[in-house]
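Have the structure open next to you and look for each spot as we go.

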4 protein chains.
Amino acid sequence: MTNKVMLTAAVTGAGDTVEKNPNVPVTPKEIAESAIESAKAGATIAHVHARDPKTGGISHNIEHYREIVDRIRESETDVIINITSGGGGDFIPSLDTPAAGGEGTDIQTPKERHKPVGELLPEMCTLDCGSTNFGNMIYMSPTDWLREQATLVKQSGVKPELECFDTGHLRFANQLVAEGLIADDPMYQFCLGIPWGAEADVETISYMKSRIPENAYFSAFGIGRMQLPMVTQTALLGGNVRVGLEDNIFLKKGVLATNEQLVDQAVKQLHSNNIELMTPQEAREQFNLLQPNGGN
Amino acid sequence: MTNKVMLTAAVTGAGDTVEKNPNVPVTPKEIAESAIESAKAGATIAHVHARDPKTGGISHNIEHYREIVDRIRESETDVIINITSGGGGDFIPSLDTPAAGGEGTDIQTPKERHKPVGELLPEMCTLDCGSTNFGNMIYMSPTDWLREQATLVKQSGVKPELECFDTGHLRFANQLVAEGLIADDPMYQFCLGIPWGAEADVETISYMKSRIPENAYFSAFGIGRMQLPMVTQTALLGGNVRVGLEDNIFLKKGVLATNEQLVDQAVKQLHSNNIELMTPQEAREQFNLLQPNGGN
Amino acid sequence: MTNKVMLTAAVTGAGDTVEKNPNVPVTPKEIAESAIESAKAGATIAHVHARDPKTGGISHNIEHYREIVDRIRESETDVIINITSGGGGDFIPSLDTPAAGGEGTDIQTPKERHKPVGELLPEMCTLDCGSTNFGNMIYMSPTDWLREQATLVKQSGVKPELECFDTGHLRFANQLVAEGLIADDPMYQFCLGIPWGAEADVETISYMKSRIPENAYFSAFGIGRMQLPMVTQTALLGGNVRVGLEDNIFLKKGVLATNEQLVDQAVKQLHSNNIELMTPQEAREQFNLLQPNGGN
Amino acid sequence: MTNKVMLTAAVTGAGDTVEKNPNVPVTPKEIAESAIESAKAGATIAHVHARDPKTGGISHNIEHYREIVDRIRESETDVIINITSGGGGDFIPSLDTPAAGGEGTDIQTPKERHKPVGELLPEMCTLDCGSTNFGNMIYMSPTDWLREQATLVKQSGVKPELECFDTGHLRFANQLVAEGLIADDPMYQFCLGIPWGAEADVETISYMKSRIPENAYFSAFGIGRMQLPMVTQTALLGGNVRVGLEDNIFLKKGVLATNEQLVDQAVKQLHSNNIELMTPQEAREQFNLLQPNGGN
Ligand SMILES: [Zn+2]
Ligand SMILES: [Zn+2]
Ligand SMILES: [Zn+2]
Ligand SMILES: [Zn+2]
């Protein structure tokens with residue numbers, strides 16, 4: 001069990017966690033710094049969303065993304081940048097306007113979702129492979145839009161991570177691969193435990209892992225209290241791992257975490273199981289990623 | 001392997017199958033007659049949607065439902081009526097109005113979706129336990145709306161069949177059960193092979209079956225060419241089964257089916273495996289269903 | 001689901017079934033005739049053991065095997081002959097002579113077990129890949145003896161069917177393959193439900209199937225009342241199938257079977273599920289078997 | 001994930017490891033001391049075999065067992081003693097005397113196997129639930145002998161741990177439970193990775209765990225290089241764990257281990273995953289075990 005694994009720090013996300021944990025980074029500067037601290041603690045990859053510095057909520061402002069990316073690239077700490085391309089996908093049910101969604105509904109087109117990735121050319125990006133209930137809202141990612149987005153990602157040379165919230169998303173990710181829309185060996189990310197996606201447990205990883213293409217790599221994570229146990233379980237099953245405040249805000253019951261602490265703890269779990277971490281440079285070489293400065 | 005199974009004939013659905021197979025019943029009279037013929041061929045349950053007699057597309061007209069139900073109830077053939085409560089849930093992506101859906105978008109509120117069930121009091125109804133991509137459209141069933149609908153179904157005394165297109169839907173169905181919103185022993189329906197829900201195969205049934213409550217019953221079906229093989233596999237795994245033109249329009253490759261033929265074939269498969277079918281009256285007693293005339 | 005499957009009729013075995021069902025063939029003539037009748041009913045392969053015509057018990061007499069094989073080969077019915085090489089492997093525990101076994105213990109060396117196969121050159125033979133409790137006795141097949149036997153089978157050109165009573169046998173079968181002791185694409189036979197081997201159910205087939213080499217074929221059967229359900233389940237999972245009085249003596253509860261009836265019933269189940277049977281000649285070509293007259 | 005787990009140190013076994021690792025304890029004094037050191041390092045249970053101090057091989061001498069048990073009981077370190085009742089079960093194949101085994105064959109009767117347990121009344125003992133190939137030899141444990149042994153164990157008040165080398169052993173363990181031969185809530189031990197038993201991986205634990213009775217507890221371990229990874233995986237799946245020189249002699253590749261080091265490492269892995277260990281006294285209370293001095 002000595003394969004090296006990639007550890008992603010998902011440092012902030014776009015959820016309503018800012019008021020629940022003051023360590024959730026909000027400004028581009030805070031997000032970049034938390035990514036850098038996570039890398040120093042051992043993370044191979046920093047997965048970032050931008051937030052609106054005023055509200056703490058989601059931001060689609062390309063300048064916010066640019067500042068995050070620039071700050072990370074200008075630091076002396078190496079880390080692979082992975083930008084979300086989930087973008088605006090939130091549909092808030094409303095009894096008054098059932099077909100249009102209620103206040104807070106935020107649905108972007110594929111081109112809009114792709115913009116931060118296409119302009120900033122990070123080494124990696126996510127691609128959410130389907131729609132699903134997400135708590136009381138609906139995360140919307142229609143299939144033809146995904147085909148368009150996958151094409152844009154492919155043209156950009158950025159490595160997509162095919163996020164699967166459930167087994168049907170995995171089937172569609174396989175379909176994207178079959179249609180030639182994903183370059184090179186595909187990378188899957190099983191996002192587990194989300195209400196209401198697939199469960200976060202070993203049997204589910206095992207089921208999903210058995211259904212990806214032979215040349216594919218996978219990663220998996222669990223949200224909330226399953227985040228840390230899933231790190232060990234996933235790595236022992238041969239997958240890459242992810243922690244961070246996007247998916248879980250507690251270090252242990254009742255103790256709010258920082259990103260660095262979560263990365264620290266994950267590294268400790270992996271090391272105690274004799275599992276080594278991949279460096280950003282090793283990952284870059286193995287997966288033939290763009291160069292850190294944006295592909296030149 | 002001598003347990004009796006319930007066989008549902010899903011006679012029409014609401015998909016665009018009318019032009020593909022002229023045997024798909026459209027008018028209330030045709031739908032009722034196909035349900036009756038299916039029952040004569042061995043179906044325990046007839047699952048019905050209404051269609052617009054003029055367009056062949058989906059109908060939300062309560063009078064269409066009433067005519068279907070009345071005609072079945074007035075016939076001399078006994079069959080349990082199962083009305084969809086999926087209702088208007090279709091969201092058609094549009095690049096021009098991304099948050100509102102494009103032409104053909106048809107999203108009803110929970111009360112509207114419940115109306116045919118609440119007024120006509122069939123013995124059973126479906127309840128689709130989540131949202132998902134469904135081909136290029138999105139089927140929308142937000143969680144709070146489902147809680148409201150489940151409450152209405154419970155108050156009506158109708159037995160809901162908890163439809164799960166993927167494993168996250170199953171988790172939410174479990175949640176409805178845990179919240180006390182489902183009366184008596186719950187019935188799950190695993191709807192498999194839908195693009196883009198869970199796969200139609202034995203491992204998936206086995207995975208899902210292992211995650212329902214102990215007092216629960218399950219049924220499963222596959223769509224398209226997996227419909228008939230899944231009948232046998234599901235029954236041999238201890239589940240109830242479903243066939244019909246809603247999910248599959250072919251009897252075999254290149255041969256368009258009728259509902260009766262699909263029921264016939266399913267019965268033949270089950271009988272050849274020594275599996276007997278439950279009669280409507282046996283099902284009514286075992287599951288404590290409403291009376292066929294609407295619960296009086 | 002239109003792949004052709006091979007159906008084996010295991011016509012007699014060596015168990016104590018003769019007194020329980022008068023249809024169990026005993027003399028070489030009876031065994032050959034039952035094999036021929038099974039082939040007429042649709043069996044691709046006849047799996048045979050010899051019995052002592054006087055006692056009905058196991059026979060290691062090469063002349064009994066020769067008569068069975070000659071009679072089948074001389075008939076006008078084509079069928080692939082599969083001779084057991086399980087031979088003498090029965091160890092009957094005895095408190096008086098614990099290390100030597102009690103009365104009825106019958107342990108042959110690899111060379112002795114191989115003799116009927118090596119002399120008569122059937123197209124196929126079985127190879128039991130391990131030891132296990134078998135009811136109250138122990139079936140003994142030590143690993144180094146199996147390596148010797150596999151080598152003899154390979155030299156003979158006969159196609160071995162790697163019988164696995166449990167998952168450890170499967171691991172050792174994989175080991176034989178890895179050691180180069182099995183020619184061509186290996187064939188596994190999962191022998192399920194034996195007390196005390198692996199369970200006869202779909203999950204077990206699925207587990208075992210996921211652990212054979214990529215170029216391998218599998219077959220599976222269940223004993224007793226699971227024999228007939230497992231035919232359908234195995235074929236629907238992509239495997240070849242087996243029925244016959246060796247493994248099950250009842251057609252249905254309380255009704256003693258003949259081999260032909262079991263084959264008939266299996267064929268009926270398969271046909272009702274749209275699954276076709278492979279002919280002996282098709283199997284011969286696909287698996288590059290010896291010629292029916294012994295390889296000349 | 002904060003359930004406490006029991007950690008067993010299997011300090012010596014009976015295999016031919018003495019020449020391979022000088023840390024394998026041999027004399028009763030060494031074995032007792034290694035058990036005590038393991039307990040100090042965090043082990044809840046010490047699983048012991050006796051060895052012949054002269055040869056290092058297996059000993060059936062009750063006085064060797066007595067000295068081990070006395071020394072542990074007289075120490076100031078609390079640990080639950082678990083004595084093997086596997087006893088003499090080794091059958092060494094011999095081409096010259098196939099039915100009797102060759103040199104080194106050592107088959108004891110149930111009464112003989114039970115003797116150290118019955119006389120010394122440890123709190124726990126093992127019970128190997130079947131026969132299997134074990135490398136080139138056969139481990140023999142016939143079913144009726146197991147029924148006799150289980151009865152003796154039950155009468156003694158000692159808690160048996162039902163060792164399953166493969167899935168058929170698990171089925172027979174379930175049978176012992178069903179026959180009422182196992183007192184209270186049964187404890188299973190999945191012994192994985194043995195050539196030629198079930199594989200040491202997560203899917204196998206998951207498969208086996210799904211097939212034990214509802215009131216049962218399980219533990220699992222892997223041998224060789226899978227020992228340490230399986231500790232974490234098993235505990236994360238809700239099972240108890242085992243390490244020790246009986247099953248694995250290396251701390252890491254090329255580095256010979258001591259029992260204390262293996263326990264240390266297991267504790268470190270568990271703690272890093274936020275899993276706490278059960279003390280002997282907690283285990284005694286939870287499982288209603290005999291008192292440490294032999295039940296008085
Ligand atoms: Zn994200
Ligand atoms: Zn429907
Ligand atoms: Zn046989
Ligand atoms: Zn032991």
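This is a predicted model: local features need pLDDT of at least 70, side-chain atom pairs count only at pLDDT 80 or more; totals for chains, interfaces and linings use all residues.

**Cis peptide bonds**

- In chain C, the bond running from C:Pro195 to C:Trp196 is cis, and its omega is near 20°.
- Hop over to chain D and you'll find that the bond from D:Pro195 to D:Trp196 is cis, with omega near 25°.
- Where is D:Trp196 found? Look in the loop of chain D between strand S10 (187-192) and helix H6 (202-209).

**Positive phi angles**

- A:Leu121 isn't a glycine, yet its phi is positive, near 45°.
- To spot A:Leu121, go to chain A and find the loop between helix H3 (110-120) and strand S6 (124-128).
- C:Asn288 is another non-glycine residue with a positive phi, this one near 55°.
- You'll find C:Asn288 in the segment after helix H9 (280-287) of chain C.

**Buried or exposed?**

- How does A:Leu121 count in terms of accessibility? Its relative accessibility is 23%, so A:Leu121 counts as partly exposed, since that class lies between the 20% and 50% cut-offs.
- C:Asn288 has a relative accessible area of 60%, so this residue is exposed; the cut-off for that label is over 50%.

Note on methods: Residues are numbered from 1 along each chain as its sequence is written. Chains are lettered from A and ligands numbered from 1 in the order in which they are written. Side-chain values use heavy atoms; hydrogens and water are left out. Helices (H or I, at least four residues) and strands (E, at least two) are DSSP runs, numbered from the N terminus. Buried means under 20% relative accessible area, exposed over 50%, partly exposed in between (1.4 Å probe, protein chains only).
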